[in-house]
Amino acid sequence: MGSVAPFHSKLPSTDVYHNNGKCTVGNNIETYNKVSGTGGLRLCQQCRDFNAQGK
Ligand SMILES: [Zn+2]
């Protein structure tokens with residue numbers, strides 16, 4: 001499965017974090033905007049779905 005260490009975008013509009021390497025939303029975050037950790041945010045729905053499917 002695609003679990004990775006939690007990360008999120010540092011853009012002000014960000015309201016979720018990601019923890020699945022297959023998540024296209026997470027993969028669309030520019031490298032320079034990526035911050036590790038959850039940032040106290042909720043888990044992204046696409047990551048949640050992938051995790052639930054064991055991807
Ligand atoms: Zn995600």
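Tutor: Let us begin with the term donor: donors are N, O and S atoms within 2.8 Å of the metal (3.2 Å for Na, K and Ca), and sites may look incomplete, as water is not among the atoms. In sequence, the donor residues of the zinc ion follow the spacing H-x4-C-x20-C-x2-C. Please note that this is a predicted model, in which local features need pLDDT of at least 70 and side-chain atom pairs count only at pLDDT 80 or more, while totals for chains, interfaces and linings use all residues. Residues are numbered from 1 along each chain as its sequence is written, and side-chain values use heavy atoms, with hydrogens and water left out.

Student: What makes His18, Cys23, Cys44 and Cys47 donors of the zinc ion?

Tutor: The atoms concerned are ND1 of His18 and the SG atoms of Cys23, Cys44 and Cys47, lying 2.0 to 2.4 Å from the zinc ion. The limit for this metal is 2.8 Å, so these N and S atoms qualify as donors.

Student: Why is the site of the zinc ion called tetrahedral?

Tutor: Four donors count as tetrahedral if all angles lie between 85 and 135 degrees; four count as square planar and six as octahedral if opposite donors are over 155 degrees apart and all others between 65 and 115, and anything else is irregular. The four donor atoms here form angles of 101 to 116°, and the site is therefore tetrahedral. The ideal angle for four tetrahedral donors is 109.5 degrees.

Student: Why do Cys44 and Cys47 count as buried?

Tutor: Buried means under 20% relative accessible area, exposed over 50%, and partly exposed in between (1.4 Å probe, protein chains only). Cys44 has 4% relative accessibility and is therefore buried; Cys47, at 0%, is buried too.

Student: Why is Val25 called partly exposed, and what does it touch beyond its neighbours within four places in sequence?

Tutor: Val25 has 42% relative accessibility, so it falls in the partly exposed class. Contact means heavy atoms within 4.5 Å; with those neighbours set aside, Val25 is in contact with His18 and Gln46. The C-alpha atoms of Val25 and Cys44 are 8.4 Å apart, at a separation of 19 residues along the chain.

Student: Which class does Val4 fall into, and why?

Tutor: Its relative accessibility is 35%, so Val4 is also partly exposed. Residues up to four places away aside, Val4 touches Asn19, Asn20 and Gly21.

Student: How do you know that the protein chain agrees with a compact globule?

Tutor: The radius of gyration is taken over C-alpha atoms, and the globule rule is 2.2 Å times the number of residues to the power 0.38. For 55 residues a compact globule would have a radius near 10 Å; the protein chain has 10 Å, so the two agree. Buried residues make up 31% of the chain.
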